Amino acid sequence: MIFGFFLCVDAFLYVFTLLPLRVLLALLRLLTLPCCGFSGSRLLQPAQVCDVLKALILVLCFSMMHYVDYSMMYHLIRGQSVIKLYIIYNMLEVADRLFSSFGQDILDALYWTATEPKERKRDSIGVIPHFLMAVFYVFLHAILIMVQASTLNVAFNSHNKSLLTIMMSNNFVEIRGSVFKKFEKHNLFQMSNSDIKERFTSYVLLLIVCLRNMEQFSWNPDHLWVLLPDVFMVVVSEVGVDIIKHAFITKFNDITADVYSEYRASLAFDLVSSRQKNAYTDYSDSVARRMGFIPLPLAVLLIRVVMTSVKVQGALSYTCVFLFYLGLVTLKVLNSIVLLGKSCVYVKRAKMEDKLFERHTATSTSSAKTPSKTDLTRRSTLPGMSSVEHIPSTSHSEPSSSSSIPTSVTTQPTARTDLFPPLLINAATAAPPESHSTSSPPSAEAEQQAASLSKKKEEEEKEEQERDVEEGSESKPKTENKDLLEIDRFTICGNRID
């Protein structure tokens, strides 16, 4: 949980720190393009195109958020009854999950449409409709999070704290809805990622509530000590409910606690494998696909709240803002370095380095146009057949070996005796000499005995096969370790675009 939380922090800080710098580099490339000359098929690299699109979405949504009055929304929510606010908050949580799942599909479609190869005929709508849909989605999601923050702010400022108590008890209702259900390993992995995302989002909402309250009290430090106990209660209830929920889920489903180290290794594998030189987007997008965390709406709302709460006037204030930005860049770089080092340690500890190299070799071989001879031979062999069957039979060129008894499978093709029981074969081979040496009544009895033996053997084989199938189906979810990597990175969202 802590590792995933810092992954979300890194993806969130990227929007404020490195994204503006990357956009400036992309614009500088566009300005210096006439001087340097045009060489290549693209004006910008695919990653730079995605960065420019993200920056445009942020700027447009921030300008649109100025038309939304936060104070009017706060007083509108404050005038509602407690039960109505409790229902509204529950509906907002469900809507946040649905918006996250649908929004990542929209953003992925936009990035792919903007960076797809232009040689082939376009199979979808253009970039501009996708861009307008993405702007509309981020704006609506930011308003949704603003309503959540306003509801939480009303709960903090209520006199009897009844609404805050009801909202905290909502976390314990989550235990009832998830503990007594059947969970597999991959389902628990999805729920863990969702809990990480919800925890980080709740912390950002608490930060927004504190900023709004401190602004109303003219940044009086005494009021901060009034807010801290409520903030502490919300954080402790969130963490305690997650601990209790995961403890009982692992107890009731016979899942060991070591599975969380596998989950951590899977997140570390995503982080390490997405650190490629020619990546289309930043590795934070892989975090968004895995956890369902989209930083753009949160970033828009936080910028809107900070710009209205903090007044920047004078050269000293701008200097402090610049120093604060340098501190954020330093924190982001330090967090990225620590996360990458820890991810390498976790991948080595889980012995997943081979899968990392296999992914790189698979991407390199997929770019080749013609397959090699070894690939053709590998494709021609079926998984259930041995390589002996694909070797040309030498019995046609060696007639002397056909008369003698075959000593190996390669000298002469024989019938596959592994499909039949050994007792039946022995009985069939031993029946002819017995029939010559005895009279007809004993031969009929021998045939009946052989038939009864074969029936018994076939029944035993069927029972063994059924046992093997049942044991295989029961042990499959326990023995498969690669299923976590094969889970779609959209754990609670849609399909991934490769």
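This is a predicted model: local features need pLDDT of at least 70, side-chain atom pairs count only at pLDDT 80 or more; totals for chains, interfaces and linings use all residues.
Six helices, α1, α2 (18-31), α4 (46-65), α9, α13 and α14 (315-349), each supply at least two residues of the lining of the largest pocket. Helices here are DSSP runs of H or I with at least four residues, numbered from the N terminus. A pocket, on a 1 Å grid over the protein atoms alone, is an open set of points with protein on both sides within 12 Å along at least five of seven lines, and lining residues have an atom within 4 Å of a point.

Residues are numbered from 1 along each chain as its sequence is written, and side-chain values use heavy atoms, with hydrogens and water left out.

To return to the largest pocket: its volume is about 1500 Å³, where a volume is the space filled by probe spheres set on grid points that are joined across faces, edges and corners. Of its 35 lining residues, F16, I303, V306, F324 and L328 are the closest to the centre. Helix α14 gives the largest share of the lining, nine residues. By class, the lining has 33 nonpolar residues, one polar and one charged. In this scheme Ala, Val, Leu, Ile, Met, Phe, Trp, Tyr, Cys and Pro are nonpolar, Asp, Glu, Lys and Arg are charged, and the others, Gly among them, are polar.

I turn now to the cavities, sets of points where a 1.4 Å probe fits but cannot get out. Searching the whole structure gives four of 30 Å³ or more. Thirteen residues line the largest cavity, and K54, Y111, D285, P295 and L296 are the closest to its centre. At least two lining residues come from each of α1 (2-16), α6 (82-115), α12 (284-291) and α13 (295-309). Nine of the residues in this lining are nonpolar, two polar and two charged.

The second largest cavity has a volume of about 60 Å³. Its lining consists of D96, S100, H141, I145, K197, T201, F293, I294 and L298. Two or more of these residues are given by each of α6, α7 (127-157) and α9 (185-216). Here the division is four nonpolar, three polar and two charged.

Among the buried residues are L7, F12 and F16.

Leaving aside residues up to four places away in sequence, L7 is in contact (heavy atoms within 4.5 Å) with L267, L271, V287, M291 and L339.

Finally, L110 lies in helix α6. Its relative accessible area is 0%, so L110 is buried. With the same exclusion of sequence neighbours up to four places away, L110 touches L53, I57, V127, H130, F131 and A134. The C-alpha atoms of L110 and H130 are separated by 5.3 Å, with the two residues 20 apart along the chain.

Note on methods
Buried means under 20% relative accessible area, exposed over 50%, partly exposed in between (1.4 Å probe, protein chains only).
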